[in-house]
Amino acid sequence: MKTVDTVTNPRDNGLKFNTFSFYQNQVWKGSTDCISFDQNSIKEKLLNLNQPCYVVRVDGRIGIANGGYAAPQDDAKTGEVELITAVPPIKIQNLGDPNFLSFYGTKYAYMTGAMAGGIASAEMIIALGKAKLMGSFGAGGLTPSRLEAAINQIQSALINEPYCFNLIHSPNDLAIERRAVDLYLKYGVRVVEASAFLDLTPNIVYYRAAGLGLNSANEIEIRNKVIAKVSRREVATKFLQPAPIKILQDLVNQGLISELQANLAARLPVADDITVEADSGGHTDNRPLVCLLPSMLALRDEIQAKYQYEKPIRIGVAGGISNPQSALAGLMMGAAYIVTGSVNQSCVESGSCEHTKKLLAQAEMADMMMAPAADMFEMGVKLQVLKRGTMFPMRAQKLYELYRTYDSIDDIPMAEREKLEKQIFRQSLSEVWEGTVSYLSQTNPEKLAKAVNNPKLKMAAIFKWYLGLSSRWSSSGEKGREVDYQIWCGPAMGSFNEWVKGTYLEEANNRLVVDVANQIMSGAAYLYRVQSLRVQGLQIGDCYGQFYPQVSSLE
């Protein structure tokens, strides 16, 4: 090795070199006409991911070429072009774990997460699938008939292409989970994204075990694949380990799975992949990615050492993935794949209404806050929502404070009740209760019976009328209720908007979910190339350190 003196381009193109050269005995051969020395041309060559990049020095000037080749230095010759460093072509498909691509049949180690209420719509999942990308349909909160219709629509459009459906945990009504699982098994949905689970339930274990069997080579065949989205180590542990024997035996006793399937399930983890969810929209623990991901990777390694699975579980990352920098950060920290969420809500294919999409496209990183969740209201669980342009988070918090303070609707002071009726519900509380009774009598008679006889539960049911409908208003575009829209969103939305500002993607109508995926992954590959040059000693100016959406594809 030898030290190469710092050389600054006389015409300063932002490239310098000051380190040991790994290429001191090599030169670059090729036409000097294809060497770029100005910033714009250098940027173009760096963006040409399908070609290698040679960093060369000619007469004291540092430039970059895509063509030519490296060759041994001939000491007898003079005037040869010095080769400073080089990087090979980079394929976007090489980012992340290739086993993720082969296991699910995708072209990138990238997927879109579920957004409940059909916000991650059938149209979105179909568009992604046709591009060989996997998206998770937002099944949470949908009626069985709507879910069944979505299954039929997606399966009709995607024959051999990737897709998955969300299975959201329903701690207060496990029958909701079971109805979804029954539909997934009936129609042969082969991949589910399990989310918001606090513990394993018989339903997720049933789905997993019911798809197990042996192939002709007597090897375990996994037909029902599970991607578990978690943010806590104790929950991740349950998905990383085999299902509890008691749950498996109960399923056998009920005739839902065979003894063989129970035995096979006892040898496999519940999940094939674990998506580590950091600070995100909707249900979130607001965990920082840089702390959470290494912890989960270490946990995976610990459990893998214990069980010695033939195929180790992959660990992906979600929460805050909004641009090439965050995507590359997750992948370089060891994530097998990345998952985007909030950023897809503003896309054309999203199930959100146009007004909601415009609000999302204007959001900044500080425009989010936590608010009570409808599905776990009584437990005090909160989710992250957009606060800019809507009063929902403040009004939802007010309802929860009243729930905590009083034991029944009648205990609430009359003046406070009148405010609720006028400002939030826009009808009398008795009318809200009548509507709640009508709904629960059809969907959950058991819960209705409990609420009728328990004033505290009745109050919760009335308040959840607002929390439940507000998210639907955001999707359907309920006129006159814009100020009450509940819009699940994380800081990633603001980060994405900052990234695309001044580009064609700044306008929400131009945001196509597949294009967003391509831009993020292409940008991550570009930034990886730039960083690879930096770690070899090339000092690269800030003008090369950013990637912004390009109208032409970089694939």
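**Pocket**

I looked up the lining of the second largest pocket in this predicted model. I found 25 residues around this pocket. Phe103, Ile222, Leu268, Glu310 and Lys311 lie nearest its centre. Next I asked which elements give two or more residues to the lining. They are helix H2 (98–104) and strand S13 (220–222).

I then sorted the lining by class. I noted 11 charged residues, 10 nonpolar and four polar. For the volume of the second largest pocket I wrote down about 630 Å³.

**Sheet**

I turned to an open sheet of three strands. I read its order as S16-S20-S19, and the pairing is antiparallel. Which strands are at the edges? I found strand S16 (282–283) and strand S19 (368–372) there, each pairing on one side only.

As a reminder to myself, strands of a sheet pair through backbone hydrogen bonds, either parallel or antiparallel.

**Helix pair**

Last, I checked helix H4 (residues 144–157) against helix H5 (residues 174–187). Their axes come within 10 Å. I recorded a crossing angle of roughly 25°. Angles under 35 degrees count as roughly parallel, so H4 is roughly parallel to H5. Is the crossing left-handed or right-handed? I noted that H4 passes H5 in a right-handed crossing.

Notes: Residues are numbered from 1 along each chain as its sequence is written. This is a predicted model: local features need pLDDT of at least 70, side-chain atom pairs count only at pLDDT 80 or more; totals for chains, interfaces and linings use all residues. Side-chain values use heavy atoms; hydrogens and water are left out. On a 1 Å grid over the protein atoms alone, a cavity is a set of points where a 1.4 Å probe fits but cannot get out, and a pocket is an open set with protein on both sides within 12 Å along at least five of seven lines; lining residues have an atom within 4 Å of a point. Grid points are joined across faces, edges and corners, and a volume is the space filled by probe spheres set on the points. Helices (H or I, at least four residues) and strands (E, at least two) are DSSP runs, numbered from the N terminus. Ala, Val, Leu, Ile, Met, Phe, Trp, Tyr, Cys and Pro count as nonpolar, Asp, Glu, Lys and Arg as charged, and the others, Gly among them, as polar. Two strands pair if DSSP finds at least two bridges between them. Axes are lines fitted to C-alpha atoms, for helices over the stretch in contact, and angles run from 0 to 180 degrees between N-to-C directions. Angles under 35 degrees count as roughly parallel, over 145 as roughly antiparallel, 65 to 115 as roughly perpendicular and the rest as oblique. A crossing is left-handed if the near helix is turned anticlockwise from the far one by less than a right angle, and right-handed if clockwise.
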